[in-house]
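Trainee: I have a model open and would like to go through how it is put together. Can we start with the overall layout and then move to the packing?

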Amino acid sequence: MKLVLACFALLLVLPYLLAALGSAERKRQLGTIDNQDPRQQSQLLNSLGQRIYASQQNAWEALALFTGSLLIAHLAGLDFSCIQYAALLFTATRLLHPWVYVFGFATLRSLLMLVAWLSCIYIVVQAFYQLPA
């Protein structure tokens, strides 16, 4: 269970790290960080800055998927040791995802998201197999 929780904790921090990177890029490109309306300001960024911002948004979306999968597994009483490899795989893909997103490897980005999604499907399926008939 510790490994799955460590993966979850790391994924909770990832969007904030990407936000910090995005803020640094906004400061570099635009000379200031508009904390009043950061989403509007992000539209003024070049493609690199916009991809950093988009990767942060995607990290939040993926975190919701992983959180829901773990919640289902927990509610089903699943022993987390049987999903630790799926959690590791999800985490690995999500740590690689911002890099390929920022550097513009769209096909690889989509493949990583597919693997992450399939990892969550695996977790949910394992949870349903755990439930009594």
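Trainee: What should I know about the model before reading values off it?

Mentor: It is a predicted model, where local features need pLDDT of at least 70 and side-chain atom pairs count only at pLDDT 80 or more, while totals for chains, interfaces and linings use all residues. Residues are numbered from 1 along each chain as its sequence is written, and side-chain values use heavy atoms, with hydrogens and water left out.

Trainee: How many helices and strands are there in the secondary structure?

Mentor: Five helices and zero strands. Here helices (H or I, at least four residues) and strands (E, at least two) are DSSP runs, numbered from the N terminus. The order of elements is α-α-α-α-α.

Trainee: What box do the C-alpha atoms fill?

Mentor: Roughly 60 × 30 × 20 Å along the principal axes. Of the 133 residues, 35% count as buried, where buried means under 20% relative accessible area, exposed over 50%, and partly exposed in between (1.4 Å probe, protein chains only).

Trainee: And which share of the contacts joins residues at least 24 apart?

Mentor: Among contacts between residues at least 6 apart in sequence, 68% do. Contact means heavy atoms within 4.5 Å.

Trainee: On to helix 5. How many residues does it have, and how far does it reach?

Mentor: Helix 5 has 25 residues and reaches 37 Å from first C-alpha to last, close to the 36 Å expected. The expected span is 1.5 Å times one less than the number of residues.

Trainee: Which of its residues are buried, and what covers them?

Mentor: The buried ones are Leu 112, Ala 116, Ser 119, Cys 120, Ile 123, Val 124 and Ala 127. Their cover includes helix 3 (47-75) and helix 4.

Trainee: How do helix 4 and helix 5 cross?

Mentor: The axes of helix 4 (residues 84-102) and helix 5 (residues 106-130) come within 9 Å and cross at roughly 160 degrees. Axes are lines fitted to C-alpha atoms, for helices over the stretch in contact, and angles run from 0 to 180 degrees between N-to-C directions. Helix 4 and helix 5 are therefore roughly antiparallel; angles under 35 degrees count as roughly parallel, over 145 as roughly antiparallel, 65 to 115 as roughly perpendicular and the rest as oblique.

Trainee: What classes of residue make up that contact?

Mentor: The contact of helix 4 with helix 5 has 15 nonpolar, three polar and two charged residues. Ala, Val, Leu, Ile, Met, Phe, Trp, Tyr, Cys and Pro count as nonpolar, Asp, Glu, Lys and Arg as charged, and the others, Gly among them, as polar.

Trainee: Is Thr 93 buried or exposed?

Mentor: Thr 93 lies in helix 4 and counts as buried at 5% relative accessibility. Leaving aside neighbours within four places in sequence, Thr 93 is in contact with Leu 112, Val 115 and Ala 116.

Trainee: Now helix 3 against helix 5. What are the distance and angle there?

Mentor: Their axes come within 8 Å and cross at roughly 15 degrees. That makes helix 3 roughly parallel to helix 5. The residues in contact include Phe 66 and Leu 70 of helix 3, and Trp 117 and Cys 120 of helix 5. By class, this contact has twelve nonpolar, two polar and no charged residues.

Trainee: Last one: how far apart are Ile 121 and Phe 66?

Mentor: In sequence, 55 residues; in space, 9.6 Å from C-alpha to C-alpha. Ile 121 lies in helix 5 and is partly exposed, with a relative accessible area of 36%.
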